[in-house]
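Please look over the sequence and the model shown here before reading on. The paragraphs after it go through the structure step by step.

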Amino acid sequence: MTVPTPPDAAPVRVWDLPVRLLHWTLAAAVAAAWCTGEETLRWHEAAGFTAAGAVALRTAWGFCARGAVRFASFVRSPAATWAYARTVLGGTEARYRGHNPLGGWMVVALLATVAAACITGWLYTTDAFWGLAWLDLLHRGLAWAVLLLVPVHVAGVVLTGRRHRENLVAAMVIGRKRRGGAETADAGDDPGRT
């Protein structure tokens with residue numbers, strides 16, 4: 001079983017303000033895009049451009065920022081991710097300050113899929129690609145893929161939060177998590193293991 005983090009452990013900064021704002025902006029934009037469509041195309045396009053902007057900024061920040069928000073700190077190799085997945089199945093996974101290896105790949109999958117949905121949606125509005133059935137189908141398929149990834153993401157957040165006895169949604173709002181003895185520092189973090 002996973003060793004719980006002591007409730008009295010001092011909090012540590014994990015996610016900075018830009019990442020938190022971009023996370024919630026992206027979530028709201030994706031929800032808005034799903035709630036709008038052909039009848040409210042102007043709102044759908046605005047939501048799509050907002051999502052595209054959030055993805056672009058988060059991607060840039062993932063390469064430029066330091067600490068747990070940098071892609072290099074949480075995107076692990078397939079072998080390391082598979083090894084981590086086996087520990088999750090066994091209930092012995094390590095606690096990570098930022099994203100664990102599975103969460104890291106979920107970030108990549110969500111950003112890439114939303115980006116592709118935004119690009120195909122934009123292309124569909126151009127003269128060169130207007131009315132192409134294959135592009136419309138691809139855009140809709142990508143939108144459905146995002147809709148399938150979101151509950152998997154939420155399930156991972158709930159599972160990890162319960163296993164490690166911490167509120168990860170609150171951490172994405174305030175940017176801090178408890179520091180604990182079972183914690184694993186992310187690669188590239190300055191403080192190292194705690």
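This is a predicted model: local features need pLDDT of at least 70, side-chain atom pairs count only at pLDDT 80 or more; totals for chains, interfaces and linings use all residues.

Residues are numbered from 1 along each chain as its sequence is written, and side-chain values use heavy atoms, with hydrogens and water left out.

The chain contains seven helices and four strands. These elements are DSSP runs numbered from the N terminus, a helix being H or I with at least four residues and a strand being E with at least two. Along the sequence their order is β-α-α-α-α-β-α-α-α-β-β. The chain has 194 residues, and 40% of them count as buried. Here buried means under 20% relative accessible area, exposed means over 50%, and partly exposed lies in between, with a 1.4 Å probe and protein chains only. A contact is a case of heavy atoms within 4.5 Å. Among the contacts in the chain with a separation of 6 or more, 71% join residues 24 or more positions apart.

Two of the helices can be compared with their expected span, which is 1.5 Å times one less than the number of residues. Helix H5, residues 101-124, has 24 residues and reaches 35 Å from its first C-alpha to its last, close to the expected 34 Å. The N-terminal end of H5 is capped by Asn100, which has a side-chain oxygen 3.0 Å from the backbone nitrogen of Leu102. Helix H6 has 32 residues and spans 47 Å between its first and last C-alpha, close to the expected 46 Å.

Which residues of H6 are buried? They are Leu135, His139, Leu142, Ala143, Val146, Thr160, Gly161 and His164. These buried residues pack against H1, H2, E2, H5, H7 and strand E3 (176-178). Thr160 is one of them, and its relative accessible area is 18%. Leaving aside neighbours within four places in sequence, Thr160 is in contact with Asn100 and Leu168. Asn100 is also the residue that caps H5.

Although Arg165 is not a glycine, it has a positive phi of about 55°. Arg165 counts as exposed because its relative accessible area is 57%.

The next topic is open space. Rolling a probe the size of a water molecule over the atoms shows where empty space is left. The search uses a 1 Å grid over the protein atoms alone: a cavity is a set of points where a 1.4 Å probe fits but cannot get out, a pocket is an open set with protein on both sides within 12 Å along at least five of seven lines, and lining residues have an atom within 4 Å of a point. Grid points are joined across faces, edges and corners, and a volume is the space filled by probe spheres set on the points.

The largest pocket holds about 1100 Å³ of space. It is lined by 42 residues, and those closest to its centre are His23, His99, Leu110, His153 and Val157. At least two lining residues come from each of helix H1 (17-35), helix H2 (41-64), helix H4 (78-90), strand E2 (95-96), H5, helix H6 (133-164) and helix H7 (168-174). H6 gives the most, with 11 residues. By class, the lining has 28 nonpolar, nine polar and five charged residues. In this scheme Ala, Val, Leu, Ile, Met, Phe, Trp, Tyr, Cys and Pro are nonpolar, Asp, Glu, Lys and Arg are charged, and the others, Gly among them, are polar.

The second largest pocket has a volume of about 870 Å³. Of its 33 lining residues, Ala33, His44, Gly121, His139 and Ala143 are the closest to its centre. H1, H2, H5 and H6 each give two or more residues to this lining, which divides into 21 nonpolar, eight polar and four charged residues. His139 and Ala143 also belong to the buried residues of H6.

Two further residues remain. Met172 is in helix H7 and counts as buried because its relative accessibility is 8%. Not counting residues up to four places away in sequence, Met172 touches Trp15, Arg20, His23 and Trp24. Met172 and Val14 are 158 residues apart along the chain, yet their C-alpha atoms are separated by 8.7 Å. Ser73 lies in helix H3, residues 71-74, and is buried at 1% relative accessibility.

Notes:
A polar contact is a pair of N or O atoms within 3.5 Å; within protein, one must be able to donate a hydrogen and the other to accept it, and residues adjacent in sequence count only if both atoms are side-chain atoms.
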